[in-house]
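Biologist: Please take me through the terms used for this model, and set each value beside its cut-off.

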Amino acid sequence: MNLTQQDLAKKLKDVSHVAVSQWESDTTKPNAENLYELSTLFGCDFGWLLKGGNGEATNAKLIPNLNATQIPILSYDDIQNIDVINPVIPITGEFIMSNLKGSNSTFAFTLKGDSMANDFLEGDTIFIDIAVKPEPGEFVLARVGSDVLFRKYKIDSIGQFSLQPLNLDYPIISSNEAEIKIIGILVEHRIYRRKR
């Protein structure tokens, strides 16, 4: 359903996004009225929400998101082996759901490091489309030597570009100083439970 904690709270009677956060972290539990509203909202059995599934028989219905697509989640090693000339996305067995259009050329990736802080942090999930060429100012995933880097794409001059970190503690890498292979561009960014 692609609901944030705030979206869900707005759909429920007298519930704040803080309460939803506490339910998710198992700090508190929703009351019976909240469970009933949740069962109605999600189209599942009230008893299943109250007692949990645990493999027991239930009349809970899974409501498929007909617009969602499985996007493979790749590791650094998987990305190292992508041929940027004739790219094929390996099927890894680990997926994340998304409503992205044209997702046949898209994979997901979990960021490491702080070179793009404060906008992109370690643990964030980014979705990269390998079929789209980058425009200036877009965020790209690139291979520089044996490193896989996520950076901002900037045109320096005709035929030359650079990869710019958002964290100024990291160097700018120019295509006239290093061999850079653009893997793809950022098409979605997911942040999980981060305070701002």
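Biologist: Why does Tyr-153 count as buried?

Modeller: Buried means under 20% relative accessible area, exposed over 50%, and partly exposed in between, with a 1.4 Å probe and protein chains only. Tyr-153 has 9% relative accessibility, so Tyr-153 counts as buried. This is a predicted model: local features need pLDDT of at least 70, side-chain atom pairs count only at pLDDT 80 or more, and totals for chains, interfaces and linings use all residues. Residues are numbered from 1 along each chain as its sequence is written, and side-chain values use heavy atoms, with hydrogens and water left out.

Biologist: Why is the pair of Tyr-153 and Phe-161 tilted?

Modeller: The ring centres of Tyr-153 and Phe-161 are 5.1 Å apart and the planes are at 35°, so this pair is tilted. Phe-161 is buried, at a relative accessible area of 14%.

Biologist: How many aromatic pairs does the rule give, and which residues do ring pairs link into a cluster?

Modeller: The count comes to five aromatic pairs. Phe-120, Phe-139 and Phe-150 are linked into a cluster by ring pairs.

Biologist: Which residues touch the most other members of the largest nonpolar core?

Modeller: A nonpolar core is a set of buried Ala, Val, Leu, Ile, Met, Phe, Trp, Tyr and Cys residues joined through side-chain atoms within 4.5 Å. The largest has 18 residues, and those touching the most other members include Phe-107, Phe-120, Leu-141 and Phe-150. Strands β3, β4 (125–129), β5, β6 and β9 (180–190) each supply at least two residues of this core. Apart from it lies another core of 10 residues, among them Ala-142, Leu-149, Leu-163 and Ile-185.

Biologist: How do you know that Thr-106 is buried?

Modeller: Thr-106 has a relative accessible area of 1%, so Thr-106 is buried. Thr-106 is found in strand β3 (residues 106–110).

Key: Helices (H or I, at least four residues) and strands (E, at least two) are DSSP runs, numbered from the N terminus. Rings of Phe, Tyr and Trp (its six-membered ring) pair if their centres lie within 6.5 Å; planes under 30 degrees apart count as stacked, over 60 as edge-to-face and the rest as tilted.
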